[in-house]
Amino acid sequence: MLTVAVADLVGAIETSEIIDRRSAAQALAIVRDGVITGEGPTTKGRIHFSRALDADDAAWCARILTAAGVESQPVSRAEAEALFAINDAAAERTDDGRFDDLFAKAVVHHAASASGLPVPSRAVALSPDTAIESWAPTRAIGVNIEVLEWIATQMRGKRVRNRTLLTLVATLVGAATMPMASLPNVFDIGM
């Protein structure tokens with residue numbers, strides 16, 4: 001049985017009334033739970049296997065991340081962490097790469113904005129029609145080292161399938177003008 005808080009959040013997901021980045025991160029956690037178990041509000045009305053991520057799961061993530069309540073704000077660390085958790089939970093993928101595209105763009109959107117760099121709106125940045133290279137930083141200059149270390153920590157020791165994210169992180173780190181000693185273990189990202 002759903003608790004009142006979870007039921008309210010499910011209602012918010014269904015109506016795209018995400019009011020802030022915290023509620024978006026909570027909604028993404030519900031998607032993650034559905035990916036893990038194959039059950040729950042985001043899997044109702046369809047066959048969904050546990051540890052599988054399909055096109056509907058990717059669409060849920062896109063709807064949550066581009067909801068009107070958060071569209072004008074940069075992707076938060078909590079939202080990015082929820083996407084890392086969804087990525088880790090999904091052993092099987094049948095979404096034609098949509099989640100990987102969204103995941104890479106959202107993490108880079110967070111990293112750039114947390115570093116004080118300009119980012120486009122979520123609707124533009126996270127759109128499948130927008131190339132990440134058109135807005136993502138291509139050099140480490142201006143990218144916060146702590147943010148790069150956080151991304152590396154999220155990726156370290158995990159089976160990372162997302163080549164776009166790996167390439168961008170490697171490019172940012174490789175282009176860094178600071179001593180590599182300031183980025184301990186950043187290359188141990190599970191390639």
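Which residues have the most contacts inside the largest nonpolar core? They are L28, C61, L83, I86, F99, I151 and L165, in a core of 44 residues. A nonpolar core here is a set of buried Ala, Val, Leu, Ile, Met, Phe, Trp, Tyr and Cys residues joined through side-chain atoms within 4.5 Å. Buried means under 20% relative accessible area, exposed means over 50%, and partly exposed lies in between (1.4 Å probe, protein chains only). The model is a predicted one, with local features needing pLDDT of at least 70 and side-chain atom pairs counting only at pLDDT 80 or more, while totals for chains, interfaces and linings use all residues. Residues are numbered from 1 along each chain as its sequence is written, and side-chain values use heavy atoms, with hydrogens and water left out.

As for the overall layout, the chain has eight helices and two strands, in the order α-α-β-α-α-β-α-α-α-α from the N terminus. Helices (H or I, at least four residues) and strands (E, at least two) are DSSP runs, numbered from the N terminus. Of the 191 residues, 46% count as buried. The accessible surface comes to about 9000 Å², and 56% of that belongs to carbon and sulfur atoms; such areas come from the Shrake-Rupley method with a 1.4 Å probe, and for residues only the protein chains shown count as cover. Looking at contacts (heavy atoms within 4.5 Å), 70% of those between residues at least 6 apart in sequence join residues at least 24 apart.

Two or more residues come from each of α2 (21–37), α3 (55–65), α4 (77–89), α5 (98–114), α7 (145–155) and α8 (163–174). Helix α5 gives the largest share, eight residues. C61 makes a handy way in: beyond residues up to four places away in sequence, C61 touches L28, V31, L83, I86, F99 and L102.

The aromatic rings come next. Rings of Phe, Tyr and Trp (its six-membered ring) pair if their centres lie within 6.5 Å, with planes under 30 degrees apart counted as stacked, over 60 as edge-to-face and the rest as tilted. The whole structure holds three such pairs. In one of them, the ring centres of F84 and F103 sit 4.9 Å apart with planes at 85 degrees, so this pair is edge-to-face. F84 belongs to helix α4 and F103 to helix α5, 19 residues apart. F84 is buried at 3% relative accessibility, and F103 is buried at 1%. F103 also pairs with F99: their ring centres are 5.6 Å apart and the planes at 10 degrees, so these two are stacked. F99 and F103 both lie in helix α5, four residues apart, about one turn of the helix. F99 itself is buried, at 0%. Ring pairs join F84, F99, F103 and W150 into a cluster.

What does N162 contact, leaving aside neighbours within four places in sequence? The partners are D100, F103 and A104. N162 sits in the loop between α7 and α8 and counts as buried at 1% relative accessibility. From N162 to F99 is 63 residues in sequence, but 9.5 Å in space, C-alpha to C-alpha.

Then there are the charged residues. Side chains of opposite charge can pair when their charged atoms come close. With a salt bridge taken as a side-chain nitrogen of Lys or Arg within 4 Å of a carboxyl oxygen of Asp or Glu, the count comes to nine. R46 and D56 form one of them (3.5 Å, N to O), with R46 in the loop between α2 and β1 (52–54) and D56 in helix α3, 10 residues apart. D56 is partly exposed, at 39%. R46, D54, D56 and D57 are linked in a network of salt bridges. Elsewhere, D100 and R93 meet in a salt bridge (2.6 Å, N to O), and R93 is partly exposed at 21%.

R51, in the loop between α2 and β1, has a positive phi near 65 degrees without being glycine, and is partly exposed at 38%. D96, in the loop between β2 (92–94) and α5, has a positive phi near 55 degrees, again in a residue other than glycine. D96 counts as exposed, at 83% relative accessibility.
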